[in-house]
2 protein chains.
Amino acid sequence: MSHSLPEPSLQAVNLAHKVSLIDEHWSPKVVAEMNDYQFKVVRIEGEFIWHSHPETDEAFIVLDGTLRIDLPHGSVYVGPGELYVVPRGVEHRTAADSEARLMIIEPRGIVNTGHEGGELTAPNDLWI
Amino acid sequence: MSHSLPEPSLQAVNLAHKVSLIDEHWSPKVVAEMNDYQFKVVRIEGEFIWHSHPETDEAFIVLDGTLRIDLPHGSVYVGPGELYVVPRGVEHRTAADSEARLMIIEPRGIVNTGHEGGELTAPNDLWI
């Protein structure tokens, strides 16, 4: 079964439910697509690595917990029901002192570690 | 002050707060941008008009209440914390028996009534 195109199903996506199905941190899973963009849910805890995406902005919506986004000029705290967009090319590091559950919105094919690589690099296009 | 490009501010956007500032139904207001896409919040009650967007998918995330999306083959009910993407070209009508508060994500410049026009057509690019 291909998930490459959204189907006009009659079922909404429950984000809290979808993210609850994920069994590891820093492993984004796709839940929906809009044109060439993907909606991904992810559980995070601790600190990610500094990276940037020169080709795109990246949007974060917090479902549960508190997301800290470290930026070159300070940190942003994003709580449940809050949105933050990291502009393209801006170095950033996501972090959460205790577990946070997020949705990320970005173009299909964007790698979570930008061009840094490393062990936290997650495979793309895994649906849940 | 121009809002045409996102600034790397250190302030997240609280969606419930933003939508609470809106004083009329069916009047989407932009709260953030990601590349050439916009995040808009809107309060709705009653039924919109049937329309489609041949050029783009359109994503809805419910903040409060229940959104009903009527589609040619049935209706989808979208509750708080749920996401639904209407595929491009698919006729749809948004509705809410009692007030619902939503976020819409779609490319900048998309008109809320598609190509149908009429009195519910809202101006674009109004920020809140």
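Biologist: With the side chain of which residue does the side chain of B:His53 make a polar contact?

Modeller: In this predicted model, B:His53 is found in the loop between strand S3 (37-47) and strand S4 (58-64) of chain B. The polar contact of its side chain spans 3.2 Å. The partner is the side chain of B:His51.

Biologist: Is B:His53 buried or exposed?

Modeller: Leaving aside neighbours within four places in sequence, B:His53 is in contact with several residues, including B:Glu58, B:Arg88, B:His92 and B:Asn112. Its relative accessibility is 3%. The cut-off for a buried residue is under 20% relative accessible area, so B:His53 counts as buried.

Biologist: Which side chain makes a polar contact with the side chain of B:His92?

Modeller: B:His92 is placed in the loop between S7 and S8 of chain B. A polar atom of its side chain lies 2.9 Å from the backbone oxygen of B:Val90. The contact between side chains has a length of 3.1 Å, and the partner in it is B:Glu58.

Biologist: What is the relative accessible area of B:His92?

Modeller: Not counting residues up to four places away in sequence, B:His92 touches a set of residues that includes B:Trp50, B:His51, B:His53, B:Asp70 and B:Val86. B:His92 is buried. The relative accessible area is 1%.

Biologist: What is the distance in space, C-alpha to C-alpha, between A:Thr113 and A:His53?

Modeller: A:Thr113 belongs to the segment after S8 of chain A. In sequence, A:Thr113 and A:His53 are 60 residues apart. In space, C-alpha to C-alpha, they are separated by 8.4 Å.

Biologist: Which side chain does a polar contact of 2.7 Å join to that of A:Thr113?

Modeller: A:Thr113 counts as buried, at 0% relative accessibility. Beyond residues up to four places away in sequence, A:Thr113 touches A:Phe48, A:Ile49, A:His51, A:Leu120 and A:Thr121. The side chain joined to A:Thr113 by the polar contact of 2.7 Å is that of A:Thr121.

Biologist: Near what value is phi of A:Asp125?

Modeller: A:Asp125 lies in the segment after strand S8 (93-107) of chain A. At 39% relative accessibility, this residue counts as partly exposed. Its phi is positive, in a residue other than glycine, and is near 65 degrees.

Biologist: What is the relative accessibility of B:Asp125?

Modeller: B:Asp125 is found in the segment after S8 of chain B. Phi of B:Asp125 is near 65 degrees, a positive value in a residue other than glycine. B:Asp125 counts as partly exposed, and its relative accessibility is 41%.

Biologist: Of what kind of axis is the relation between chain B and chain A?

Modeller: Chain B is superposed on chain A by a rotation of 180 degrees with 0.0 Å of shift along its axis, at an RMSD of 0.0 Å. That relation is the one of a two-fold axis.

Biologist: Which residue of chain B comes closest to the rotation axis?

Modeller: The distance to the axis is taken at the C-alpha atom. For the closest residue of chain B this distance is 4.4 Å, and that residue is B:Gly81.

Biologist: What percentage of the contact residues of chain B recur in chain A?

Modeller: In the interface, 39 residues of chain B are in contact with 39 residues of chain A. The same surface serves both copies. The share of contact residues of chain B that recur in chain A is 100%.

Biologist: About how much area do chain B and chain A bury between them?

Modeller: The size of an interface is often given as the accessible area lost when the parts come together. Here 63% of the buried area is on carbon and sulfur atoms. The area that chain B and chain A bury between them is about 3,000 Å².

Biologist: Which three residues supply 21% of the area that chain B buries against chain A?

Modeller: These residues supply more of the area that chain B buries against chain A than any other three residues. They are B:Leu10, B:Asn35 and B:Leu83.

Biologist: How many residue pairs are in polar contact across the interface of chain B and chain A?

Modeller: The count of salt bridges between chain B and chain A is 0. For polar contacts, both residues of a pair are at pLDDT 80 or more. The number of such residue pairs is 16.

Definitions and conventions
Residues numbered from 1 in each chain as written. Chains lettered and ligands numbered in written order. Predicted model: local features only at pLDDT ≥ 70, side-chain atom pairs only at ≥ 80, totals over all residues. Heavy atoms only, no water. Least-squares fit on C-alpha atoms with pLDDT ≥ 70 in both. Contact = heavy atoms within 4.5 Å. Helix = DSSP H or I, 4+ residues; strand = E, 2+ residues; numbered from the N terminus. Buried < 20%, exposed > 50% of the residue type's maximum accessible area, 1.4 Å probe, protein only. Polar contact = N/O pair within 3.5 Å; in protein donor to acceptor, adjacent residues only side chain to side chain. Buried area = accessible area lost by both parts, 1.4 Å probe. Salt bridge = Lys/Arg side-chain N within 4 Å of Asp/Glu carboxyl O.
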